[in-house]
Amino acid sequence: MTRCRIVSVVFTLWCLCDSVFGGSLLQHTSVSLDGKWIVSNSNGSLTFTAEVPGCVHTDLYRHGLIQDPYFRFNDLSHGWISLDNWTYTTTLSVTSEFRTKQEVLLVFDGVDTVSSVWLNGVNVGDTDNMFRRYGFSVKDHLKDGDNVLKVSFLSPVLYAAERRRHSSYRVPPECPPDVQKGVCHVNFIRKAQCSFSWDWGPSFPTMGLWKEVRLEAFDVLQLLQVSAVPSYNSSLSQWSVQVELFVDAVQLTNCQITVSVPELDSEQTFHTQFVPGKTKNVFVLNIEKSDQVKLWWPHTHGRQPFYVLSVRGLQDKLLLLDTRSKVYFRTVELVQEPIPGSPGLSFYFRINNKPIFLKGSNWIPAHSFQNQVSPALVRNLLQSAVDVNMNALRVWGGGVYEQDLFYSVCDELGIMIWQDFMFACAMYPTEEDFIETVREEVVQQVTRLKSHPSIIIWSGNNENEAALATDWFDIPVSERPVYLKDYVTLYVNNIRKIVQMEDQSRPFLVSSPTNGAESEQEGWVAADPYDTHYGDTHFYSYLSDCWDWTTFPRTRFASEYGFQSWPSFSTLQPVSVADDWSYNSDFVSHRQHHQDGNQQMLEQAALHFHLPNSTDPLKRFTDTIYITQVMQAQCIKTQTEFYRRSQTEIIEGKGQTMGALYWQLNDIWQAPSWSSIEFGGKWKMLHYFAQNFFAAVLPVAFEAADTLWVYAVSDLSQDLKLTAVVAVYSWAQFDPVCSLKSDALLVPGGSAVVIFKQPVAALLAGCGGCTRATCFLTFHLEDSSGQQGPTNHHFLCSPKDAAGLQRPNITAKVQQSDASITVSLHTDSVAPFVWLDVGNIPGRFSCNGFLMVSRNMTVRFEAWRPTSATEVSKSLTVLSLTDVY
Ligand SMILES: *[C@@H]1O[C@H](CO)[C@@H](O)[C@H](O)[C@H]1NC(C)=O
Ligand SMILES: *[C@@H]1O[C@H](CO)[C@@H](O)[C@H](O)[C@H]1NC(C)=O
Ligand SMILES: *[C@@H]1O[C@H](CO)[C@@H](O)[C@H](O)[C@H]1NC(C)=O
Ligand SMILES: *[C@@H]1O[C@H](CO)[C@@H](O)[C@H](O)[C@H]1NC(C)=O
Ligand SMILES: *[C@@H]1O[C@H](CO)[C@@H](O)[C@H](O)[C@H]1NC(C)=O
Ligand SMILES: *[C@@H]1O[C@H](CO)[C@@H](O)[C@H](O)[C@H]1NC(C)=O
């Protein structure tokens, strides 16, 4: 048994608002209990040291007691871990001075999930919710010398099944679909819902102390949390900041609180009384120089400045609290109002009074074992999002409320967050203790997160309104009212009410997708939550031709849409063996958690591409990975461009689309999924495409009734006077066959307008000898200062039918030039979907997956660890479309 000594006695303020700024609180002592614990299973056959924060799975792996959980089929063979019960034990000693404090709390920032906590043989508390922080009063149970602290975990799988057994009616879905290879009844436990398996993730029902543990001792009071939420009164043109101090006081305490934002010459002093127990104390600071406040803007719309807010509390001359935190000023509204000439309501976000099109994706947990999600990983993923011009992410409701760092980085980078509460794709129980633990979860999470300007909306759940409305779970009509009532109880009467009490500074939606205000009118569950005239939409259709934009819903806001692809060979290789490297292997079907997913990818790809048919099995496998990525990138490009060009128009009552968040940004393990970034951070072709299709200024082409249309889409604040340049190329040669130019057109900031239009037949006839099969188009926008936005392409036939397309001979030269590595490419003929891969060297290219219409091209490689031109050169492979068949 290890002995957990007092590692440090520090005077820190427990302030989760921002770790950048510390604070101090007199007479407040904290002892960290992180570090080594002992963990053992129920029959004692396994006993080993545990890391805290951590979980049983990662400790077992660290000690060599199990193989890498992500290797091959280990998610199945490791299933026994979460069926056992595990006990964490540590021994600690505290000074007598520490114990003479008025209050001593044993604090767990996160316990995963169901446990009882024992100090020296006394049960001091129980836990049942991974998303809550727990503080147990332990002063009377601490003694001199060694104290034994035990946390006994009950198998989450047994617990969930047990709760189901005690439920008087079924709460569907009872189990995940077989293809997910998961375990049942996850909706009965307040734990990451995807930890029992998902259609992109494995079943690893974790157990452990997943966040920090410590003892806190104090005499007068302890500050649990500070929040600072600005609001703007437009009739007074006045900013104010609502500062809340969440305080745990031992006794009635008179205090003089001074709140200030020095940089804005604002300071106010309040005389207050903290009453004993946990209380929320609100102070409103009016900002003096309101007209000088620098606003926080989403990425590409402006900067992300912050101010330092300071709070000091004095009792007589005694400093009781002293803390500083960041405060960012911005306003957000979700606008749902009638649109002239259209049924339904608008649905868009206005930030600082400016309507903003949300461009981005959906975020899922970055690892099955949250303790493996390092700060570097979080930063890398979020940086990858803004690097491709995203300004928004939706933190999806089947994972976790992310760590503080995640939101701080989003604040810094200007990423808007659509924050779900953690309920997904299920009905939920509403027993009293379940509601009670959810209520506490919601209060704590809203309090923790509301100071972050990045969060622009709270949303009650993922797809549960749709699940009920469109009857995913075969609920008999006679039983429907029970589930409807449960739905309203949980999300409306509890979660919504709490959020409205705790945070009026941003909108709340009950679900996604939803009809928003219209769903509310219909009793919170609309007849058709996918109605494109209202709210947001999720849309998936794997087999209809994704190059045909008419298959997409012209929605007000696309919060989910996607297509799967396989991650690169270098990502799969460490978790597989040679036997697995074929599209028909057991491994390839095992990692696919979406019914018929592998087949759907090939069917969709086959609509436009020759499928790989190499006689070399390994090449055929890697070529197939490539073709799934080409398919995915091109599908999401087409769909996203449709949403972006639909931002201004209303057609048959539909349109004014103001958001495109594709499913999904990141991966939880090495498997096929809808992600654009692979597990480990490598960009798929889709992610490179996003850089273009999310560009601030973008030309979009499509065909309707055999006419080619080009739209100019602009997210800029200022107007541009743009010309569209359309170049017609032959597959068989480099130089354009001909080139056309539109008239200059005023393109207002934040709009999508038609800039070029011509029947395809006329266009080809005017362009010597071109046919749909022999030619394709590239196009861009320009103004007097040059090209604006990326060059885009439009195919007039499927590449599999392209006439004259040859197999190019592409050569690459890698060079070190100054700090960066460049790859100079040379091709002898037109090459579509040119793909550079450097295996497991982490990093990204400046662009990739591109169409080469000229002999030479230079691409930069940005490495994420030190490397050399030689190493990159050795690993580099170059593939283009004709190389796979
Ligand atoms: C103890 O539990 C482990 C893990 O569940 C199991 O494999 C083992 O057979 C058990 N040993 C005994 C003696 O019951
Ligand atoms: C785990 O604890 C539960 C509840 O006490 C018990 O029913 C179950 O048998 C235990 N599991 C094991 C493997 O001991
Ligand atoms: C703005 O201030 C005015 C005058 O004090 C007040 O009547 C009004 O309610 C305030 N508006 C908001 C949104 O707080
Ligand atoms: C490809 O091009 C390189 C450089 O131009 C040349 O050396 C090589 O022989 C060519 N390969 C083929 C198969 O044509
Ligand atoms: C293109 O690259 C080739 C081979 O690297 C080189 O010889 C040639 O000069 C380049 N042409 C142009 C126009 O840059
Ligand atoms: C692969 O498919 C292409 C295009 O259909 C065909 O021309 C080629 O002969 C096939 N190769 C093999 C090895 O079957």
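**Figure 1. The disulfide of C546 and C635 in the predicted model.** C546 is buried, with a relative accessible area of 1%. Its partner in this predicted model is C635, and the sulfur atoms of C546 and C635 lie 2.0 Å apart, forming a disulfide. A disulfide is a covalent bond between the sulfur atoms of two cysteines. The link of C546 and C635 is left-handed, with -75 degrees about the S-S bond. Distant parts of the chain are linked by this pair: C546 belongs to the loop between β32 (537-539) and β33 (558-561), whereas C635 belongs to helix α14 (residues 617-645), and the two are 89 residues apart. C635 also counts as buried, at 0% relative accessibility.

**Figure 2. The disulfide of C738 and C767.** The structure holds four disulfides, and one of them is formed by C738 and C767, whose sulfur atoms are 1.9 Å apart. The torsion about the S-S bond of C738 and C767 is about -125 degrees, and therefore the disulfide is left-handed. C738 is placed in strand β40 (residues 738-741), and C767 in the loop between α16 (760-765) and β43 (775-783); the pair therefore ties together parts that are 29 residues apart in sequence. C738 has a relative accessibility of 17% and counts as buried, because buried means under 20% relative accessible area. C767 is buried with a relative accessible area of 1%.

**Figure 3. The disulfide of C770 and C775.** A disulfide joins C770 and C775, with 1.9 Å between their sulfur atoms. This disulfide of C770 and C775 is left-handed, because the torsion about the S-S bond is about -75 degrees. Both C770 and C775 are buried.

**Figure 4. C55 and its closest cysteine sulfur, in C194.** The closest cysteine sulfur to that of C55 is in C194, at 13 Å, which is too far for a bond. C55 counts as buried, with 3% relative accessibility. For another cysteine, C847, the relative accessibility is 26%, and C847 counts as partly exposed.

**Figure 5. The surroundings of ligand 2.** The residues S42, D84, N85 and L154 surround ligand 2. A polar side-chain atom of N85 is found 2.3 Å from an oxygen atom of ligand 2. An N or O atom in the side chain of S42 is 3.1 Å from an oxygen atom of ligand 2. On its own, ligand 2 has 360 Å² of accessible area, of which the protein covers 38%.

**Figure 6. A nonpolar surface patch that includes L154.** L154, one of the residues surrounding ligand 2, also belongs to a nonpolar patch on the surface, formed with L83 and L158. Together, L83, L154 and L158 have about 250 Å² of accessible area. L158 is part of helix α4 (residues 156-166). With a relative accessibility of 41%, L158 counts as partly exposed.

**Figure 7. The surroundings of ligand 6.** H610, N613 and Y885 surround ligand 6. Between an oxygen atom of ligand 6 and a polar side-chain atom of N613, the distance is 2.3 Å. Ligand 6 exposes 360 Å² when taken alone, and the protein buries 38% of that.

Terms used
Residues numbered from 1 in each chain as written. Chains lettered and ligands numbered in written order. Predicted model: local features only at pLDDT ≥ 70, side-chain atom pairs only at ≥ 80, totals over all residues. Heavy atoms only, no water. Patch = residues over 30% accessible without salt bridge, like charges linked within 9 Å, V, L, I, M, F, W, Y side chains within 5 Å. Areas by Shrake-Rupley, 256 points an atom, 1.4 Å probe, with all protein chains shown as cover. Salt bridge = Lys/Arg side-chain N within 4 Å of Asp/Glu carboxyl O. Helix = DSSP H or I, 4+ residues; strand = E, 2+ residues; numbered from the N terminus. Buried < 20%, exposed > 50% of the residue type's maximum accessible area, 1.4 Å probe, protein only. Near = heavy atom within 4 Å. Polar contact = N/O pair within 3.5 Å; in protein donor to acceptor, adjacent residues only side chain to side chain. Disulfide = S-S within 2.5 Å.
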